Amino acid sequence: MDTTRLSRFVSGLWDDEIVPQLVEYIRIPNKSPMFDKDWVAHGYMDQAVELMSSWARGKLAALPGATLEVVRLEGRTPLIYIEVPGEGDDTVVLYGHLDKQPEMTGWADDLGPWKPVIKGDKLYGRGGADDGYAIFGSLAALLALREQGIAHSRCVILIEACEESGSYDLPYYVDHLAERIGNPSLVVCLDSGCGNYDQLWLTTSLRGMTGGELTVQVLDEGVHSGDASGVVPSSFRILRELLSRLEDPATGKILPQELYVDIPAERIAQAKASTEVLGTAIYDKFPFVEGMQPVTDDLVELVLNRTWRPQLAVTGAGGLPALESAGNVLRPQTALKLSLRVPPTLNGAKAGEFVKQLLEKDPPYGAKVSFKVEKDGSGWNAPQLSPWLAEAVKEASEHYFGAPAAYMGEGGSIPFMGMLGEKFPQAQFLITGVLGPHSNAHGPNEFLHIPTGKKVSMVVAEVVARHYEKQGK
């Protein structure tokens with residue numbers, strides 16, 4: 001393999017075609033179904049699917065025998081399915097998604113979620129890095145191999161449209177396409193993060209997730225606060241008390257031991273190694289207000305908190321009027337949207353059931369309390385890398401980043417990984433991505449670091465080639 005030639009090919013394809021395609025993709029507000037209940041009527045998801053599939057079809061002519069199908073199961077989000085023939089009997093699955101998180105507030109004046117802006121090496125806008133580039137990066141890798149006549153195994157590219165909602169449609173597609181997908185020996189996922197933009201980062205674990213709506217109702221309608229306060233318990237106070245069953249309000253530590261697991265020694269060692277590479281960049285990347293500090297100054301504990309321990313975030317509220325229209329009323333109810341990250345090896349569904357029972361039992365003052373579980377995805381802990389893959393990623397990182405590969409767990413969730421890990425326990429996994437410092441996926445000012453997108457595409461090409469070499473021996 002001529003790595004210089006491969007770099008030149010991939011970089012040119014990104015500059016000439018992929019970045020312009022991503023610019024158009026960012027303009028489309030194709031929010032995941034959880035955030036757009038009328039996604040079918042709005043048609044934005046179809047627009048994104050058409051943009052990606054049209055470009056991909058134009059490139060498949062260079063990959064003899066390759067096919068693309070937009071698969072649509074009744075009542076479910078679509079899925080782009082691409083098959084690229086290869087040598088031998090093995091299969092590589094390359095995965096990504098095209099649905100997006102909602103707008104979020106706080107974008108800079110010259111930026112916006114559906115407004116693509118290129119500043120230097122960064123392409124700003126919702127979804128480019130999370131994870132719109134995946135289909136382009138995957139095909140760029142295969143096209144780069146074809147350009148040099150380098151053999152690879154059969155490849156299947158799956159691009160779903162429901163990941164940001166918990167991938168609840170994906171199991172149906174995996175079952176529907178099971179015979180066509182086959183039994184992959186390598187899974188490549190381009191939807192993860194990177195500790196910095198200086199080297200390749202492999203994701204070793206992903207947390208699971210559960211959550212939903214916690215609602216406390218005390219009255220049938222609001223009443224004068226001067227008349228009722230001190231007599232009618234506040235729904236907000238009761239809700240706060242219920243949250244304290246789950247989380248220590250002083251430290252943020254999740255209290256029930258049922259939501260913890262034993263952290264593998266290897267993952268603790270990798271956490272320590274990642275802190276030696278990143279130092280305070282582990283928390284410097286966050287836009288803290290002046291004077292703010294992380295929950296501890298122990299860097300290893302921060303990494304383990306983020307990757308292997310349960311943590312709660314309150315992501316929304318209901319029953320609270322806007323500040324400018326908040327009268328002196330004791331409100332009838334308060335609701336919060338809860339997002340609980342759970343350890344990689346904890347069962348997400350069982351965690352959701354546990355949290356529901358914890359919050360609903362013995363309601364204070366007899367208040368009407370309900371917790372509606374909306375998501376319960378389990379996490380994933382990577383199998384040990386086989387020697388060939390460990391060597392391949394090491395060399396590929398050196399070739400294209402000029403630095404050794406690094407390993408760290410991620411705090412987010414990719415439900416597909418856990419699903420594939422169960423279905424294909426013998427498969428090897430290459431989980432990586434471009435979501436590095438300040439890229440701010442899900443938040444304002446999200447950006448794709450274009451050079452990293454290019455280099456990740458190059459790494460995938462080399463690893464896929466090495467996979468075939470290994471399987472052929």
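Colleague: At what angle do helix H3 (residues 44-60) and H5 pack, and how far apart are their axes?

Modeller: Good place to start! Two packed helices are described by the angle between their axes and the distance between the axes. Here H3 and H5 pack at about 5°, and their axes are 11 Å apart. An axis is a line fitted to C-alpha atoms, for helices over the stretch in contact, and the angle runs from 0 to 180 degrees between N-to-C directions. H3 and H5 are therefore roughly parallel to each other. Angles under 35 degrees count as roughly parallel, over 145 as roughly antiparallel, 65 to 115 as roughly perpendicular and the rest as oblique.

Colleague: What should I know about the model and the numbering before we go on?

Modeller: This is a predicted model, in which local features need pLDDT of at least 70, side-chain atom pairs count only at pLDDT 80 or more, and totals for chains, interfaces and linings use all residues. Residues are numbered from 1 along each chain as its sequence is written, and side-chain values use heavy atoms, with hydrogens and water left out. Helices (H or I, at least four residues) and strands (E, at least two) are DSSP runs, numbered from the N terminus.

Colleague: Which residues make the contact of H3 with H5?

Modeller: From H3 come Leu51, Met52, Trp55, Ala56, Lys59 and Leu60, and from H5 come Ile135, Phe136, Leu139 and Leu143. Contact means heavy atoms within 4.5 Å. By class, nine of these residues are nonpolar, none is polar and one is charged. For the classes, Ala, Val, Leu, Ile, Met, Phe, Trp, Tyr, Cys and Pro count as nonpolar, Asp, Glu, Lys and Arg as charged, and the others, Gly among them, as polar.

Colleague: How does helix H1 (residues 3-26) pack with H3?

Modeller: H1 and H3 pack at an angle of about 160°, with their axes 9 Å apart. That makes H1 roughly antiparallel to H3. Their crossing is right-handed. A crossing is left-handed if the near helix is turned anticlockwise from the far one by less than a right angle, and right-handed if clockwise. H1 contributes Leu13, Glu17, Ile18, Gln21, Glu24 and Tyr25 to the contact, while H3 contributes Ala48, Leu51, Met52, Trp55 and Lys59. The classes here are seven nonpolar, one polar and three charged residues.

Colleague: At what angle do the axes of H10 and H12 cross?

Modeller: The axes of H10 (residues 265-278) and H12 (residues 299-308) cross at roughly 125° and come within 9 Å. H10 and H12 are therefore oblique to each other. This crossing, too, is right-handed. On the H10 side the contact involves Arg267, Ile268, Ala271, Lys272, Ser274 and Thr275, and on the H12 side Leu299, Val300, Val303, Leu304 and Trp308.

Colleague: What lines the largest cavity?

Modeller: The largest cavity holds about 90 Å³ of space. Its lining includes Cys194, Lys285, Val303 and Glu410. H11 (281-284), H12 and strand S16 (406-410) each supply at least two of its lining residues.

Colleague: Which helix gives the largest share of the lining of the second largest cavity?

Modeller: H12 does, with four residues. That cavity has about 50 Å³ of space, and Val303, Leu304, Thr307 and Trp308 are among its lining residues.

Colleague: What is the volume of the second largest pocket?

Modeller: Its volume is about 220 Å³. Of its 13 lining residues, Pro85, Glu87, Arg146, Ile150 and His152 are the closest to its centre.

Colleague: Which peptide bond is cis, and what is the phi of Asp362?

Modeller: Most residues other than glycine have a negative phi, and most peptide bonds are trans. The bond from Asp130 to Asp131 is cis, with omega near 10°. Asp362, although not a glycine, has a positive phi of about 45°.

Definitions and conventions:
1 Å grid on protein atoms, 1.4 Å probe; cavity = no way out; pocket = protein on both sides within 12 Å on 5 of 7 lines; lining within 4 Å. Points joined across faces, edges and corners; volume = space filled by probe spheres on them.
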